[in-house]
Every structure is written in C-alpha cells, then in structure tokens.
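Please look at the sequence and the structure first, and then read the sections in order.

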Amino acid sequence: MSASSKRAALYTGLIDRYRDRLPVSDSTPVISLCEGDTPLIRLNNIPRELDIDAEIYVKYEGLNPTASFKDRGMTMAVSKAAEEGSRAIVCASTGNTSAAAAAYAARAGMTAFVLIPEGKIAMGKLAQAIAHGAVVLQIKGNFDDGMRLVKEVAGEAPVSIVNSINPYRLQGQKTAAFEIVEALGRAPDYHCIPVGNAGNISGYWIGFSEAVGQTTASCTLYEGAENCPYLLEAMTDKRPVMVGYQADGAAPFLRNEPVTSPETLATAIRIGNPQSWDLAHAAVNESGGWFDEVSDEELLATQAMLARREGVFCEPASAVSLCGTLRDLQSGKIPAGSLITCTLTGHGLKDPDIAIRGREAVETVQAELGAVKDAILRNI
Ligand SMILES: *Cc1c(COP(=O)(O)O)cnc(C)c1O
C-alpha cells in the first residue's frame, strides 16, 4: 500500500466523517483534533453480577481528545467561528467545555475566555484550560451566573459564544448517535444519558431522529433549525426511548423549575437553569422517555463499580447514566431483554480527587522482596 492510500484511511475527525450531515461547506476551515469515533463497550460483568437480563453498552466519550464529549460540539463551534472570522471565543463552564474550548482555540490560533465557578471545577479540567493557554476567569458564582454573564458580554465584546446555546454545538454532538446506530446496526431500545445544561440529550435526539430520516418537533424549537435536519437516506428504522438522569441536588427537570443553588459532587452537572430546557423536554416526550434523579452516594458507587468490575473509568457525572439505568432495569421500568446504550460523558482522570477520596487503597511497604511478597499473599 502506498503512503497516500494508507493516509486515505486515516480517521480525521467527525466533520470529515459526517460532512454530508453537518452544516459545513468546502470553505469551512475544519478545526479538528480527530474527535469522535469513540468505543461502544458492552458491559460483561456488571449485568451478570447483578443478575440483570439486558444488553448494556457504554459509549465511552472520555476517549475524546480532551477526554469528554464536549469535543464533538467544539470542533463544529470553533470551525464555524473560524469561518466567520472570529479571533476569540467565550464560554461558561463547569470544566469540560472550558477544556475543549481551550484546546480547539489553541488549534485554531484563537483566544479562549472561560468563565468557571470558583472552587467548583475538577482539577484535571482546570489544568487543561491552563495548559492550552485559555484566559481563565474564575467567577464568584455558579455555572448559571457564568452562563448569564457570557450571554451579556457577547453583546459587548467581539467574542463568539461556544456554549451549547450555539446551535453548531448540538450539530457536532448529534454525531454520537450516528456512531451508535452504525456500531449496533440499529438504534438501541433505550438511550440513557446524564443531563446538566441539557444540550447533549438534545443533540442525541436530533442525531437519532436524523438517522431514521425523520424530522423531530424539537427541530422547530431549535435556533439552527434551518440546518436541521439532514434528511438523507435512513440509517435505521426506529429511534430509542430517551432517558435523562440528573443528580438529586441539581435536578431542575424533576422539580419542573430552575434550582437556585444546585449542589452535587458531580460538578459537571451542577447546573440549576438548563439552557436547552425545551429541547430536552421534546426529546423525552417525543420518544416516550422520562427524567429521573440519583443521589451523589449512588452515582459514586456506580462510578466505582464500573471502574472495578469493567475496567472503565468515567467521571462522577458520567456514572449517572448507568446508575439510573441499573435501577430502572431492577424495578422493571426498563424491561428485561432490552438493548440499552449509556453515554459516559467524560474520563475519570478529570477528577482524581473524587476517585481516591476515602479510599485506603495505597499501602506503604519496605523496598525488599519479603515485604512485597507478604503484601501480595495478604491480598490475593
Ligand atoms: C457537560 C457534561 C455533562 C452534561 O451535559 P449537558 O449537555 O450539559 O447536559 C455531563 N457530564 C459531563 C462529564 C460533562 O462534561
């Protein structure tokens, strides 16, 4: 094989992969870090150990270039900002959006301004924003305050907003649904997903709908509706039931109103006033799905179980999807025999403090054979 034909097979990111289903043209400069194409991993051990009869797959979005699904939306948002001639982007973030914005801005030669809630973002995410050279503005407020400020400042300064209110974000994020349909050869019966600002559940629903060549009522609510949907040939013939899970201290969809002081250890979804409120409701209603909530204790237990039993390390907010799924399977709300996909939104390494909190897993021994051998025999 010649070098150039080898290169033709090189994966070059989701814009190139799904170009005909995205609002890009030949003159759009593609700003990509080869995001997307993430693994869909079947859970082997957990269903067996819990005696659950279901086929459960996790979409491991932690394996994107900045280790969360935010890269899918960011490649689109930053490419379109570059096409429009922007020199700077801005976002409010619970951490992962700022990491992605910082990296894609670096790639595009732009400046990223990121507003984060003081003291409430995971260390890995802050490290990423700093490493990629973003201007980090730590605000004395929460994500919802940051979101309000970003909307206000975009009217006053020459910066493009790259939060998920930017319609191109959802366009990029919908591609995860295409990948799932392609990997399974069909849509799952249920798709389960963590909900914070509610952009991702909305993006998946657009994707699953376009995959059946069908329009969705949510598209009429959607600012970028002129770009949506891309009704090409159907990839499959049915859509999943969409289930959105929240942390119980930050569950506006369960309270049916914004939450003023959201609290959860799962900082990625510590959001009280979701921007994609109507779109997320449309996804759940049109699909016959529901919202539910889980406690911090439950989500941390699921995060640990996934890491220990399946070798898949996700961040606390991500574990919410599997946590709710297992509970709904055990109660029968999700019927036995179902094919279920769960989005794991970000990598566990983002938040190492939570993973080692309260664990006495590290033992100190003398640097000699006897001590190491003893330790092995004691623990085997
Ligand atoms: C952003 C994020 C979420 C929430 O996604 P929304 O689109 O805001 O609902 C969940 N988990 C992680 C790890 C995130 O970074």
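## The cavity

A cavity here is a set of points, on a 1 Å grid over the protein atoms alone, where a 1.4 Å probe fits but cannot get out, and its volume is the space filled by probe spheres set on those points. In this predicted model, the count by that rule comes to 1 cavity of 30 Å³ or more, and the largest cavity has a volume of about 290 Å³.

The lining of this largest cavity is made up of 29 residues, among which Phe-69, Lys-70, Gly-196, Asn-197 and Ala-268 are the closest to its centre. Two or more lining residues are given by each of helix H5 (96–108), helix H8 (167–173) and helix H10, and the largest share, 3 residues, comes from H10. Sorted by class, the lining holds 11 nonpolar, 15 polar and 3 charged residues.

Helix H10 (199–211) and helix H15 (316–331) are the elements that give two or more residues to the shell around the ligand.

In total, 16 residues surround the ligand, and the closest of them are Lys-70, Asn-96, Asn-197, Ala-198 and Thr-345. By class, the residues of this shell divide into 6 nonpolar, 8 polar and 2 charged.

## Polar contacts and burial

Which atoms of Asn-197 and Asn-200 lie 2.8 Å from an oxygen atom of the ligand? For Asn-197, which is also among the closest residues to the ligand, the partner is a backbone N or O atom, at 2.8 Å from a ligand oxygen atom. For Asn-200, a backbone N or O atom likewise lies 2.8 Å from an oxygen atom of the ligand.

Thr-345 contributes through its side chain, where a polar atom lies 2.7 Å from a nitrogen atom of the ligand. Taken alone, the ligand exposes 380 Å², and the protein buries 97% of that area.

Notes: Residues are numbered from 1 along each chain as its sequence is written. This is a predicted model: local features need pLDDT of at least 70, side-chain atom pairs count only at pLDDT 80 or more; totals for chains, interfaces and linings use all residues. Side-chain values use heavy atoms; hydrogens and water are left out. A residue is near a molecule or strand if one of its heavy atoms lies within 4 Å of it. A polar contact is a pair of N or O atoms within 3.5 Å; within protein, one must be able to donate a hydrogen and the other to accept it, and residues adjacent in sequence count only if both atoms are side-chain atoms. Accessible areas come from the Shrake-Rupley method with a 1.4 Å probe; for residues, only the protein chains shown count as cover. Helices (H or I, at least four residues) and strands (E, at least two) are DSSP runs, numbered from the N terminus. Ala, Val, Leu, Ile, Met, Phe, Trp, Tyr, Cys and Pro count as nonpolar, Asp, Glu, Lys and Arg as charged, and the others, Gly among them, as polar. On a 1 Å grid over the protein atoms alone, a cavity is a set of points where a 1.4 Å probe fits but cannot get out, and a pocket is an open set with protein on both sides within 12 Å along at least five of seven lines; lining residues have an atom within 4 Å of a point.
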